[in-house]
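Here's a quick briefing to read alongside the structure. Have a look at the model first, then work through the notes below.

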Number of protein chains: 2
Amino acid sequence: MTLSMYEASIPVFQRALTQLSAVLRKGAAHAEAKKFDPAVLVGARLAPDMLPLSRQIQIASDHARGAAARLAGLPRPPVPDDEATLDDLQARIASTLEYLGRFTPSQIDGSEEREITLPLRTGEVTLKGQPYLLHFAFPNFWFHVTVAYAILRHNGVDVGKQDFLGPLPT
Amino acid sequence: MTLSMYEASIPVFQRALTQLSAVLRKGAAHAEAKKFDPAVLVGARLAPDMLPLSRQIQIASDHARGAAARLAGLPRPPVPDDEATLDDLQARIASTLEYLGRFTPSQIDGSEEREITLPLRTGEVTLKGQPYLLHFAFPNFWFHVTVAYAILRHNGVDVGKQDFLGPLPT
C-alpha cells in the first residue's frame, strides 16, 4: 500500500466538510436558542476587513471542488456564490459533498505530476499535482474551514475542537 | 513518482510553520507600532473559553513534532509549554523547524501502515500512519495554525491570507 492522491484528497475534504456542516448546525441551534436572526451569523466576521462566514464556506467549497476537478483533469463547474442563509450554506456544503462523491480513485490517482494552471491575481502559475494539493489546495481549504469554525466560536456557538475533527477513522 | 509520506508531511509542516513565524513577526511589529505590550497578543483569544495564542502555537508545534516522530517510529521528545513572549513563541517555532529538519525521507516513507497509538482523553486509540496523518495530525495542525493567525488578525495585525500561504512552491 502507498499513499494515493485520491486518499490524500477526496476523503480529507469530505470529512472536513461533513464536520463543517455539523458545526453550522450548532450555529443554527445557537441562533434559535438565543432568538436572533441566523442570517447574522452568515455575515459574521473576525475583523471588519475579513471575509464573512458565507465567503469562508464558499471558498472552502471552491478549493475542495477545484482540487478534485483539477487533479482529475476536468473543467471546474461554475457555482454561483449566492448563499444568504445558513440553510443555503448547508446546501452548498451538501452539493460539494455530492460533487466530491462522484470522483473515483482511478480519476485522481497518478495525478502527482499532472500540470495544473492556477489563474491567480498575480497571473497564471503552473504547478504539479502533488505540490498543488499539499501546498496550495490544503492550506487554502483548511484555512477557510477553520476560519468558518472560528467565526461561529467567536460568536458564542457552543462548539469545540471535537466538532471540527469529528470521529476518528477506524 | 508517487506521493510519499515524507513529502505529504514534513514539508507541509515546515512551510506552514515558516509562514506562522512570519505572521507572528507582523504581530510584534503591530504591537510596537501601536505601543502596546506584545505579551497581550500571547494571551489573546477569540472567545473567553478558547485557548490563547500561546497554546495555539504550542499545540500546532506538538502536532507537527508528534507526526514526524510517530510516523518515524521514534519517541516524542517532551517540550515544556512555558512560552510567555512572542520571542519565546518564535523560538518554539524555530526549534520545531529544527526538529522537523532532522528527519529524512527514508525515516518516514513507507509509514502508511505503521500502527500509531494515540493517548486521547477518551482512552488509547490505534490508527494506521496514513489515516493518522490525513485525518488526525493534519486537521489538528491546520486548525491551530489557522486559529493562531485568526487571533492576530482579529486583534488588528495587518496580515492577509498571502502571509498565511507564503510563496507557491516552484
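Which side chain does the side chain of A:E83 meet in a polar contact of 2.8 Å? That partner is the side chain of A:Q58. Keep in mind that this is a predicted model.

**Around A:E83**

- You'll find A:E83 in the loop that runs between helix 3 (53-72) and helix 4 (86-100) of chain A.
- Is A:E83 buried or exposed? A:E83 has a relative accessible area of 13%, and because the cut-off for buried is under 20%, A:E83 counts as buried.
- Besides the 2.8 Å pairing with A:Q58, the side chain of A:E83 has a polar contact of 3.2 Å with the side chain of A:R92.
- If you skip the neighbours within four places in sequence, the residues in contact with A:E83 are A:S54, A:Q58, A:D88, A:L89 and A:R92.
- For a sense of distance, A:A16 sits 67 residues from A:E83 in sequence, and their C-alpha atoms are 20 Å apart.

**Where chain A meets chain B**

- Chain A puts 42 residues into the contact, and chain B puts in 43.
- About 4100 Å² is buried between chain A and chain B, with carbon and sulfur atoms giving 71% of that area.
- Three residues lead on the chain A side: A:L3, A:H135 and A:L168 supply 18% of the area chain A buries against chain B, more than any other three residues.
- On the polar side of things, 12 residue pairs are in polar contact across the interface of chain A and chain B, with both residues at pLDDT 80 or more.
- Several elements of chain A supply at least two residues each to the side that touches chain B: helix 1 (5-34), strand 2 (123-128), helix 6 (129-154) and helix 7 (161-165).
- Helix 6 of chain A gives the largest share of that side, with 17 residues.
- By residue type, the side of chain A that touches chain B splits into 26 nonpolar, nine polar and seven charged residues.
- There are also two salt bridges across this interface, and one salt bridge joins the side chains of A:D49 and B:R153 at 2.8 Å, N to O.

**Helix 1 of chain A**

- Helix 1 of chain A has 30 residues and spans 44 Å from first C-alpha to last, close to the 44 Å expected at 1.5 Å a residue.

Key:
Residues numbered from 1 in each chain as written. Chains lettered and ligands numbered in written order. Predicted model: local features only at pLDDT ≥ 70, side-chain atom pairs only at ≥ 80, totals over all residues. Heavy atoms only, no water. Helix = DSSP H or I, 4+ residues; strand = E, 2+ residues; numbered from the N terminus. Buried < 20%, exposed > 50% of the residue type's maximum accessible area, 1.4 Å probe, protein only. Contact = heavy atoms within 4.5 Å. Polar contact = N/O pair within 3.5 Å; in protein donor to acceptor, adjacent residues only side chain to side chain. Buried area = accessible area lost by both parts, 1.4 Å probe. Salt bridge = Lys/Arg side-chain N within 4 Å of Asp/Glu carboxyl O. Nonpolar A, V, L, I, M, F, W, Y, C, P; charged D, E, K, R; others polar. Expected span 1.5 Å × (residues − 1).
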